[in-house]
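Here are my notes on the model, as numbered points. Please read them with the structure open.

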Amino acid sequence: MKTVKPADLERQSRLDPALRFTLLTGPDEATMAAVANHLVALAGKDAERLDLSGSQLAQDPSLLAAEAASMSLFSSARIIRLELSGSGDDSVPAVETLLAADTVINPVIATGASVTAQSKLVKLVEGSNHAVAAICYQPDRRALVGIAMSAAEEQGLRLANAEAQLLVDLVSGDQALMRREIEKMALY
């Protein structure tokens, strides 16, 4: 598949069964985390989550495909979260095995801030029909205001445009901090 925008992934209301591997990368770790959390939430509240690291895959390249093909004993759904370090090239053999596997029933959501658009992993993902990549960049002020308003709406709050702008200014555009402040307001 091709590279998509993070907003395209955030608009999804269900996980695409044809996608085995979703790669989130780029300089904005807050957007990466928000998109990854959204995709994991689409698996359902009761979904089993398995966390893997790039170093585990470097030691055993078949681990990712084996875990993606295995059923959960405790839940009806399962999702794999992969944290990549460095360029992510050490996990290329594992991702190749996953994309070539006959059966995959568990989607893999991978994040790695240091993975660049020129890395072997991104090229592999872009060349596959079972994978997608999204590069997360820091949103501009207008987009941050929209993110604040939608995050407040998710918490059952309603922020006016002026209030959302003030919140964005108070947190200096830090999305993670902004979401935590909105959660505090919702709890209050």
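**Notes on the predicted model**

1. The largest nonpolar core has 26 residues, and Phe21, Leu23, Leu52, Leu64 and Leu82 touch the most other members. A nonpolar core here is a set of buried Ala, Val, Leu, Ile, Met, Phe, Trp, Tyr and Cys residues joined through side-chain atoms within 4.5 Å. Buried means under 20% relative accessible area, exposed over 50%, partly exposed in between (1.4 Å probe, protein chains only).

2. Elements giving two or more residues to this core are strands 2 (21-25), 3 (48-53), 4 (78-83), 5 (108-112) and 6 (131-135), with helices 4 (63-69), 5 (92-100) and 6 (120-126). Helix 5 supplies the largest share, five residues. Helices (H or I, at least four residues) and strands (E, at least two) are DSSP runs, numbered from the N terminus.

3. Leu52 touches Leu57, Leu63, Leu64, Ile80, Arg81, Leu82 and Glu83, not counting residues up to four places away in sequence. Contact means heavy atoms within 4.5 Å. Another core lies apart from the largest one; it has 15 residues, among them Val4, Ala36, Leu39 and Ile79.

4. This is a predicted model: local features need pLDDT of at least 70, side-chain atom pairs count only at pLDDT 80 or more, and totals for chains, interfaces and linings use all residues. Residues are numbered from 1 along each chain as its sequence is written, and side-chain values use heavy atoms, leaving out hydrogens and water.

5. Buried or exposed: which is Leu24? Leu24 is buried, at 0% relative accessible area. This residue lies in strand 2. Leaving aside neighbours within four places in sequence, Leu24 contacts Leu9, Met32, Val35, Ala36, Ile109, Ala110, Thr111, Gly112 and Ala134. Its C-alpha atom is separated by 8.0 Å from that of Pro6, 18 residues apart along the chain.

6. Overall, the chain has nine helices and six strands. Its radius of gyration is 17 Å, close to the 16 Å from the globule rule for 188 residues, so the chain is as compact as a globular protein of that length. The radius is taken over C-alpha atoms; the rule is 2.2 Å times the number of residues to the power 0.38. The C-alpha atoms fill a box of roughly 50 × 40 × 25 Å, taken along the principal axes.

7. Buried residues make up 43% of the 188 residues. Of the contacts with a separation of 6 or more, 81% join residues 24 or more positions apart.
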